[in-house]
Amino acid sequence: MVQHNQLKKGDVLSVAQIAGIQGAKITSQLIPLCHSIPLDKVNINLKLDANRCAVVIEATCHSEGKTGVEMEALVAASVTALTVYDMCKAVTHDIVIEEVKLLSKIGRAH
């Protein structure tokens, strides 16, 4: 249903992508003591995995700031996943969000 845009709420992948970008931009408002960082780029990649009946989400963030943007990427991925859940829950409540994790961090101190 997601692949063919047959859900009542619309294009799940496009809406989730926009939600993830918005989430990255407001990370400091959601996570206490998290610095507000100007983001140069936020990319949300969503892939359908037909074998697992899953949406695989990868979020990347870039900034020229003095601190890393891993929290922004993690929030972006989480908000994207929650949006997929919200848009698909009318069809099934068996949706599981799993493995939200940092895959890599480049450019700033770890």
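## Exercises on a predicted model

**Exercise 1.** Is Ser-14 buried or exposed, or in between?

*Solution.* Ser-14 has a relative accessible area of 33%, so Ser-14 is partly exposed. The cut-offs are under 20% for buried and over 50% for exposed, with partly exposed in between (1.4 Å probe, protein chains only). Ser-14 lies in helix 1. Helices (H or I, at least four residues) and strands (E, at least two) are DSSP runs, numbered from the N terminus.

The model is predicted: local features need pLDDT of at least 70, side-chain atom pairs count only at pLDDT 80 or more, and totals for chains, interfaces and linings use all residues. Residues are numbered from 1 along each chain as its sequence is written, and side-chain values use heavy atoms, leaving out hydrogens and water.

**Exercise 2.** State how many helices and strands the protein has, and their pattern along the sequence.

*Solution.* Step 1: the count is 3 helices and 2 strands. Step 2: read along the sequence, the pattern is α-α-β-β-α.

**Exercise 3.** Which residues have the most contacts inside the largest nonpolar core?

*Solution.* Step 1: a nonpolar core is a set of buried Ala, Val, Leu, Ile, Met, Phe, Trp, Tyr and Cys residues joined through side-chain atoms within 4.5 Å. Step 2: the largest such core has 16 residues, and Ile-44, Cys-61 and Val-84 have the most contacts inside it. Step 3: helix 1 (12-25), strand 1 (41-49), strand 2 (54-62) and helix 3 (70-88) each give two or more residues to this core. Helix 3 gives the most, with 6 residues. Step 4: nonpolar side chains tend to be buried together in soluble globular proteins.

**Exercise 4.** Name residues that Cys-61 touches, leaving out those up to four places away in sequence.

*Solution.* A contact means heavy atoms within 4.5 Å. Cys-61 touches Ala-24, Leu-39, Lys-41, Val-42, Val-69, Glu-72 and Ala-73.
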